[in-house]
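Please consult the sequence and structure shown below.

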Amino acid sequence: MTVKQLYFQHFRSFPEYDLRLADTTLLVGRNGSGKTSIAEGLYLLSHGESFRAGKIDEMIAFEQELARVGARLVDGEGDDEADILEITLTRGKVQGKRAHKRLYSVNGTKKMHKNFIGRFSAVVFQPADMRLVEGSPNRRRSFIDSILQLTNRDYSQSLNTYNQALKRYNSFLEQVREGNQPKSVLQYWELMMAKHGEIVQETRHDFFEFLREMSTPFDFDVRYQISKISQSDLESRRDRAIAAGHTLVGPHKDDFEVLFAGEKLENRELSAYGSRGQQRLGVLWLKLGELKFLEDQQQQKPFLILDDIFSELDEKSEKLVLQLVGKYQTILTTANEDTQQFLEEKLKDLKTIKMNGS
């Protein structure tokens, strides 16, 4: 599946904007010209979520009730139109009437979120990803979840159910501690959390095994730091959880470490023993794993979004990234004229679009 065209209406700084994409498209423009907004819109159509916005309102142009982002997909073997995808974003009201904040459609037919995502997949690589190795566990969990929610409906449903049950369970823990509820009120939520938490952790385990077994030019490994959950785990920790006022085990506490796999530093943590350049390569290894996993699960090549990352890469990393570009439909962005010249020299059949703002 190939994305041939993107269009925007009242999205971020775009009143109206559309562009046609090549196999490799470079967006060039100063900061604030809309390059990352295009990357964001493309990712939104893939995942149903933004990789940068904390709230939907941030994506809707000032003084507008709604925004639209759409894409025209074609069959990879030719130019036959396959699907027209569109997401409409609202502030919760349109023309004075209540409205869903996200509305999804395929070829003009409304779809639920779960039936919309996965028509095509996009992988974004941005400067913030450079903190994936040494950053917070929450950042790493979000990385895993964004991949597995796109490829596995059971995972997405179980993760959502687990998170909802976790909130209720924590609320009841406080009430039990204060003497306003009996301990027995916790049993139902323990059962719910254990059932769906085990599904989440089994699926994460399978993903990490995929990473460990994939063939790459990198000497890295991964260690899944599972905060194992089961009904017996929750029951045995119930009194301590009541005293603490929050759940002590479960997928919300999972983490992972990237390890060296070479002879000298084998099984040493990259975050502790790796140089800045080695950590960049570790992040590249993770993003390559994301690409390969999505391709394996969906049986189609993902769209690659490289959002202003070349200022963060050393020469070795640049070479590895450029090798990926020829294998996937790609959008690259930069505000740097030297980077533009470098990419135009290195990449064949590159389509350059200059962004002038709006």
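The model contains 2 cavities of 30 Å³ or more. A cavity is a set of points, on a 1 Å grid over the protein atoms alone, where a 1.4 Å probe fits but cannot get out; lining residues have an atom within 4 Å of a point. Grid points are joined across faces, edges and corners, and a volume is the space filled by probe spheres set on the points. This is a predicted model, in which local features need pLDDT of at least 70 and side-chain atom pairs count only at pLDDT 80 or more, while totals for chains, interfaces and linings use all residues. Residues are numbered from 1 along each chain as its sequence is written, and side-chain values use heavy atoms, with hydrogens and water left out.

**Largest cavity**
- Two or more lining residues come from each of strand 10 (122–125), helix 9 (276–298), strand 13 (303–307) and helix 10 (315–325); helices (H or I, at least four residues) and strands (E, at least two) are DSSP runs, numbered from the N terminus.
- Helix 9 contributes the most, with 4 residues.
- The lining has 9 nonpolar, no polar and 1 charged residues (nonpolar: Ala, Val, Leu, Ile, Met, Phe, Trp, Tyr, Cys and Pro; charged: Asp, Glu, Lys and Arg; polar: the others, Gly among them).

**Second largest cavity**
- The second largest cavity has a volume of about 40 Å³.
- Among its lining residues are Tyr-169, Asp-233, Arg-237 and Thr-247.
- This lining comprises 5 nonpolar, 1 polar and 2 charged residues.

Definitions and conventions
On a 1 Å grid over the protein atoms alone, a cavity is a set of points where a 1.4 Å probe fits but cannot get out, and a pocket is an open set with protein on both sides within 12 Å along at least five of seven lines; lining residues have an atom within 4 Å of a point.
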